[in-house]
Amino acid sequence: MILHNRINRKELRIRLKKEAFKRITLSFYRFVEVDDPQSFRDELYLRLSQMQVFGRIYVAGEGINAQVSVPQNSFEAFEKYVREHRFIGDVLLNRAIEDNGHSFIMLKVMVKHKILSDGLDNSTFDIYNVGEHLDAEEYNRRINEPGTVVVDLRNHYEHEVGHFENAILPMVETYKESVPIIIKMLEDQKPENIMLYCTGGIRCEKFSAYLRHRGFKNVFQLKGGVINYARQVKEKDLESRFIGKNFVFDERLGERITPHIIAKCHQCGQPADTHVNCAWDPCHKLFIQCEVCREKYHGCCCDDCRESLKSYTSNKSLITSEV
């Protein structure tokens, strides 16, 4: 029985475009003891493949972290499977707010050492003793209370395009890198209240428990992260204290939360907040590019990559014509 994808990405993209049904993008996570991650992984791949679910799922002894694209006509079956599962039955299914149905092109389910690379040793503290979860309305109410600091647990390229007003924004490349930096900062400042947020909630979950272990008492976290916050803001007609875009880790690379464009094109410096990967595949650098520079550089990050792409395309065309 084949429990992994064997079709090339080009063909997968063609098949996705030909689908006659809509898809729902959502994410969920749960820290839970998984006794046999490999068996859990294989079960997930088999069952979700049968429902034509795409996405990227990490499974480890500490739990599950999933971002998936579910066919609308399979959603009831998918939700039933999740709700009845012993590991993930009560998770929050965090639905995307901007969804073109093209967030994923295949299903990947991988066994990892951890579902979140944070550098923390789970055996040294209670990972289930987490901070208080707040909904969007309560988060907005508490955000300006005296002695309160708001901490963004995302990387610099994420908060570059969108973040909460007056939040602390660590300039880091990875979440693991941010953990000791934020701890040192909070120990120096000794705030009365700490309010955490991240994309979908998973980074806050473990980090809030670690903060409580380190002696911080009033630790709060945004339930469901920015994704769930944006949905609640829209449904309840609340003021959005998050401005700009929310970076997401799938083909879309972002969801628009408010009209504000707070970032700049990395090539010309004009206002822009669209992340792209360099069109020259050997580079594939993630960066922000405006439409003018996209046309000028042919989707590449620099002149060298543009010329390499141009040369490769010309040679490929020449070989094809000769054949």
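1. A word on terms before we start: two strands are said to pair here if DSSP finds at least two bridges between them. With that in hand, here are some notes on your protein chain, which please keep in mind is a predicted model.

2. Strand β7, residues 148-152, is joined to β9 by five bridges, and the two run parallel. Within that pairing, Val151 has Leu196 of β9 as its bridge partner.

3. On its way to another neighbour, β9 also bridges to strand β10, which covers residues 219-222. This pairing is parallel too, and three bridges make it up.

4. How many of the five residues of β9 are buried? Five of the five are, so this strand (residues 193-197) is largely enclosed by the rest of the structure. The burial holds on both faces: Asn193, Met195 and Tyr197 lie on one side, while Ile194 and Leu196 lie on the other.

5. Is Arg142 buried or exposed? Its relative accessibility is 16%, and because buried means under 20%, Arg142 counts as buried. Setting aside neighbours within four places in sequence, Arg142 is in contact with Glu132, Leu134, Thr148, Met195 and Phe220. Thr148, for its part, falls within the residue range of β7, 148-152.

6. With a relative accessible area of 25%, Met110 is partly exposed. Which residues does Met110 touch, leaving aside its neighbours within four places in sequence? They are Arg41, Arg56, Ile57, Tyr58 and Val59. If you want a distance to check on screen, Met110 and Lys80 are 30 residues apart in sequence, and their C-alpha atoms are 22 Å apart in space.

7. Another sheet deserves a mention. Three strands form an open sheet in the order β8-β11-β12, and the pairing is antiparallel. Its edge strands are β8 (162-164) and β12 (255-256), each of which pairs on one side only. Between β8 and β11 (residues 242-246) there are three bridges in the antiparallel sense. For a landmark, find Gly162, which stands opposite Gly244 in β11.

8. Stepping back to the chain as a whole, the secondary structure comes to 10 helices and 14 strands. The C-alpha trace spans about 70 × 50 × 40 Å along its principal axes. For 323 residues, a compact globule would have a radius of gyration near 20 Å, and the 21 Å found for this chain agrees with that. Of the 323 residues, 51% count as buried. Among contacts with a separation of 6 or more, 68% are between residues 24 or more positions apart.

9. Lastly, the surface and the charges. The accessible surface comes to about 16,700 Å², and carbon and sulfur atoms account for 49% of that. The chain carries 46 positive and 46 negative side chains, with the centres of the two sets 4 Å apart.

Conventions
Residues are numbered from 1 along each chain as its sequence is written. This is a predicted model: local features need pLDDT of at least 70, side-chain atom pairs count only at pLDDT 80 or more; totals for chains, interfaces and linings use all residues. Side-chain values use heavy atoms; hydrogens and water are left out. Helices (H or I, at least four residues) and strands (E, at least two) are DSSP runs, numbered from the N terminus. The radius of gyration is taken over C-alpha atoms; the globule rule is 2.2 Å times the number of residues to the power 0.38. Buried means under 20% relative accessible area, exposed over 50%, partly exposed in between (1.4 Å probe, protein chains only). Contact means heavy atoms within 4.5 Å. Accessible areas come from the Shrake-Rupley method with a 1.4 Å probe; for residues, only the protein chains shown count as cover. Lys and Arg count as positive and Asp and Glu as negative; His and the chain ends are not counted. The place of a charge is taken as NZ of Lys, CZ of Arg, CG of Asp or CD of Glu.
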